[in-house]
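Open the model in a viewer and keep the sequence beside it. The stops below say what to select and what is there.

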Amino acid sequence: MESAAAVQLSKDQEKNLIALIKEREVLWEDTNNIRKHNQRNTAWDEIGVAMSHPAKNLKKNYENLRSSFLRYLKTELKNGTDIENIKPENTEELYKGMLFLLPKLSTQIKKKSVTSAIPAYKTNHSASMSKY
C-alpha cells in the first residue's frame with residue numbers, strides 16, 4: 001500500500017485545515033475505539049470535501065504540521081520557555097491555531113515541566129485559545 005503524499009497548501013489553507021481539525025475532537029483525542037475510528041474516517045472525509053482535496057492527503061498535511069509544531073515546542077522548551085508562557089501572541093502565526101493540542105502532546109514532550117504546566121496552561125488560556 002502506497003503512502004499518501006501531502007498536498008501543496010497555502011498558509012491560509014493550512015490555517016483552515018487546522019481549524020477544521022480543531023472542530024472535530026475525534027481527530028485529536030486519544031482513543032483506539034473502533035466506533036471512534038469510523039467517526040475519524042467520516043471527519044476526514046468531511047474535511048476533504050470542505051477543502052476539495054483527498055482526505056488521505058490532508059491527513060499527511062496534518063501529520064507534517066503536527067510534527068513541525070512538536071519540534072517548535074521542543075525548541076522553545078530547550079531555549080528556556082516555560083510551556084505556560086507559550087501564548088498565542090508569542091507564537092508563530094501558523095502554530096497559534098494548534099495550541100489546542102498542547103495537553104495531548106504533553107506525553108510526547110519529554111520534559112517534566114511540560115507535564116506539570118499543562119493543566120495550568122489549559123485553565124489559564126482556554127478562553128484566549130478558543131478564538132483560534
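**Before selecting.** This is a predicted model, where local features need pLDDT of at least 70, side-chain atom pairs count only at pLDDT 80 or more, and totals for chains, interfaces and linings use all residues. Residues are numbered from 1 along each chain as its sequence is written, and side-chain values use heavy atoms, with hydrogens and water left out.

**Stop 1: the whole chain.** Helices (H or I, at least four residues) and strands (E, at least two) are DSSP runs, numbered from the N terminus. Of the 132 residues, 38% are buried, meaning under 20% relative accessible area with a 1.4 Å probe, protein chains only. Contact means heavy atoms within 4.5 Å; of the contacts with a separation of 6 or more, 65% are between residues 24 or more positions apart.

**Stop 2: colour by confidence.** The pLDDT is the predictor's confidence in each residue, from 0 to 100. Its average over the chain is 78, and 68% of the residues score at least 70.

**Stop 3: α1 against α3.** Select both helices. Their axes, lines fitted to C-alpha atoms over the stretch in contact, come within 11 Å and cross at roughly 95 degrees. That makes α1 roughly perpendicular to α3, the term for angles of 65 to 115 degrees. Show the side chains where they meet: E14, L17, I18 and I21 from α1, with L58, N61, Y62 and L65 from α3.

**Stop 4: N61.** Stay in helix α3, residues 55-78, and select N61. Is N61 buried or exposed? N61 is buried, at a relative accessible area of 6%. Leaving out residues up to four places away in sequence, N61 touches A6, V7, L9 and L17. Its side chain reaches the backbone nitrogen of V7 at 2.8 Å, a polar contact in the sense of N or O atoms within 3.5 Å, one able to donate a hydrogen and the other to accept it.

**Stop 5: R40.** Move to helix α2, residues 34-51, and select R40. The relative accessible area of R40 is 17%, so R40 is buried.

Conventions: Buried < 20%, exposed > 50% of the residue type's maximum accessible area, 1.4 Å probe, protein only. Axes fitted to C-alpha atoms, helices over the stretch in contact; angles between N-to-C directions. Parallel < 35°, antiparallel > 145°, perpendicular 65-115°, else oblique.
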